[in-house]
Amino acid sequence: MAAKQKVTGYGGRKSLGRHFRKYWQLYAMMLIPIIYYIIFRYVPMLGNIIAFRRYRAGSSILGDEWSGFKYFRQFIHDSNFWRSFRNTLLLNGKYLLISFPVTIIFALLLNEIKNMKFKKFVQTITYLPHFISIVIVAGMIRELLSTSGPINNAIVASGGEAIQFISLPQWFTTIFVASGIWQGLGWNTILYLAAMSGINPELYEAASLDGAGRFKQALHVTIPGILPTIMTLLILNIGSLCGSVAFEKVMLLYQPTTYETADIIATYVYRMGLGSGNYSYATAVGLFQGIINVVLLTAANVFSKRTTGSSLY
Amino acid sequence: MAKKNVDDAPMASRMIISKGYRTFTVINDIFMVIICLVMLYPFLYLVAQSFSSTEAIVAGKVGIVPVGFSVETYKYVLTSNVFLPDYLNTVIYAVIGTVSALILSCLLAYPLSKKELRGNKIVGPFIIFTMYFAGGMIPNYILMTSLGLKDTVAAFILPGVISTYYVILMRSFFESVPAELEEAGEIDGLSKFGAFLHVALPMSKPIIATMTLFYLVQYWNNWFDAFLYLDTPTKWPVAYYLRTLISTSSSSAEDAGEAMTIAANIKSCAMVLTAAPIICVYPFIQKYFVQGMMLGGVKG
């Protein structure tokens, strides 16, 4: 408030009073949501303090006594932590590497469908998996990959031997990436299609008059038109490389035999904290990831604003 | 106001259509049909399994057409003393959750959309910051426990009752409502809140429909908060029941035989029944959410 009065300068308090009298109902509307944010978003942020304090079941929410960086030193020397750190980057990275170009290509191909009813139909079908519970997606994956499922049937029919996909670590990344693309392919095109519909039709006419065929038009009009969207999404995706976007899917699909390639930071935090009761240790790991995320996301957002002039939020 | 539709993509004006391009469009259409089949295949497979006999599944005969058609599995699942009660829980939670979420998100998003509201310089960043940094799983869990919310429905509803991303989408939509209309309403004697309720809200059907779908899907599909907070099995939503169903059998596919394939039947049936409402509702709201997402997503 002090800063605001300084800005408005002479008579600031008076105009602030008038402002509140005029808009008090709008401020009142926000009151409950703001209290919600304080309790359910900001108090847990403060709760991260138990990464530096010893917390036992039944302690107060802020823990018992200071422990300094003890828990951080512990996980830095924990090979299981580094395994989960590596897997987080690898799974996110491989998914981004494959899904990102595939989504753009799919959006470009969708844009070339001439029959609008057919286009709408394809959109309806391809958006659908996005709305399906991750529990059901995991269930589908397990059914399709089970030893009596269709994929193993095909392998056996062609003379191979059935593979226990779900319990083999070397298959986890493939399952993770493929199911992610199945679920997100259609939905992720929405922002690109939005950008395409915003391209000025005159640009296509001009290109056409210059003798550009439809391929050249896609190359020289459509792609440059969606380039800012591509850049923004790419940068922000890179910014969340260390995040736990698909945490629930990993949780539902991994098992001790696949920890080697499947255990990510979030699942590790879950097992250490709620599984074995090392609350402070798990909070320290979670906080570490949270800080990396803030730094990466902020950097990505600033970079996106500088290079493309837009950011998502 | 961008009432643009994805369908109106700049098409009409492209004149040169070469023979090569015509071949391409045919191939493209075929490719799209294949993509649709790939998208639908897992659903069809589940449906086929849920209607198939145990023997056919054991023999691996079931593709996308049921073999040994029977509705026994459905009878079994629907009369079990777990599935329907949990399904009912989900319906109740989804309704309570979606209604609360819509009210709270509107209450926040509408004032945020008013540029003249000075407090937004503080409230905006206060809200957006939570997209960059969150409390994390353990502090959230400790908070819920110390508030005494563990094993209550509130612990299932509250964590997702305001989604910052959705609030931002709503704010963008409210910004596109012409301010003159609200001002006219105020001249006619409406208060600020009245202008929201009687002018802005009726004009915001697309975003309200979109948010209804998004929050409904969020609560319908939520299993994790039940997993963390709901200890009493009678309080479980069906998604969490499904999770226990899925994770028990297929990890030990080794000990195949009768027990496992009966489970495959039942699992498919339970999954089909759980996904069905979402699949039925969503196509009707699609035209709204494409619009809502585009408006919110494109704006900076």
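Analyst: In this predicted model, the centres of domain 1 of chain B and domain 2 of chain B, taken over C-alpha atoms, are separated by 31 Å. Domain 1 covers residues 18-70 and domain 2 covers residues 82-300 of chain B; such bounds come from an automatic or database domain assignment. Where the two domains of chain B meet, domain 1 gives seven residues and domain 2 gives eight residues, a contact being two residues whose C-beta atoms, placed from the backbone, lie within 7 Å. On the domain 1 side, helix H1 (19-51) and helix H2 (54-58) of chain B are the elements that give two or more residues. The largest share, four residues, comes from H1(B). Helices (H or I, at least four residues) and strands (E, at least two) are DSSP runs, numbered from the N terminus. By residue type, this side of domain 1 of chain B has four nonpolar, three polar and no charged residues. Here Ala, Val, Leu, Ile, Met, Phe, Trp, Tyr, Cys and Pro count as nonpolar, Asp, Glu, Lys and Arg as charged, and the others, Gly among them, as polar.

Two conventions apply throughout. Residues are numbered from 1 along each chain as its sequence is written, and chains are lettered from A and ligands numbered from 1 in the order in which they are written. As the model is predicted, local features need pLDDT of at least 70 and side-chain atom pairs count only at pLDDT 80 or more, while totals for chains, interfaces and linings use all residues.

Asp151(B) is a residue other than glycine with a positive phi, near 65°. Asp151(B) sits in the loop between helix H6 (137-146) and helix H7 (153-157) of chain B. Asp151(B) counts as partly exposed because it has 15 C-beta neighbours inside 10 Å; a residue is buried if 20 or more other C-beta atoms, placed from the backbone, lie within 10 Å of its own, exposed if 12 or fewer, and partly exposed in between.

Chain A also has two assigned domains, domain 1 (2-51) and domain 2 (79-308). Their C-alpha centres lie 37 Å apart. Chain A has 15 helices and zero strands. Its radius of gyration, 25 Å, is well over the 20 Å that the globule rule gives for 313 residues, so chain A is more spread out than a compact globule. This radius is taken over C-alpha atoms, and the rule is 2.2 Å times the number of residues to the power 0.38. Along the principal axes, the C-alpha atoms of chain A fill a box of roughly 65 × 60 × 35 Å. Of the 313 residues of chain A, 42% count as buried.

The two chains touch each other through 90 residues of chain A and 94 residues of chain B. On the chain A side, helix H2 (residues 12-47) of chain A gives the largest share, 18 residues. The chain A side divides into 53 nonpolar, 26 polar and 11 charged residues. Helix H2 of chain A also holds Arg13(A), which counts as exposed because it has 12 C-beta neighbours inside 10 Å.

Not counting residues up to four places away in sequence, Val285(A) touches residues including Phe75(A), Phe81(A) and Ile265(A).

Confidence in chain A averages a pLDDT of 90, and 95% of its residues score at least 70; pLDDT is the predictor's confidence in each residue, from 0 to 100. The lowest mean in chain A, 44, belongs to helix H1 (residues 2-8) of chain A, and the highest, 97, to helix H8 (residues 172-184) of chain A. Over residues 1-10 of chain A, pLDDT stays under 50. Helix H8 of chain A includes Gly184(A), which touches Ser99(A) and His130(A), not counting residues up to four places away in sequence.
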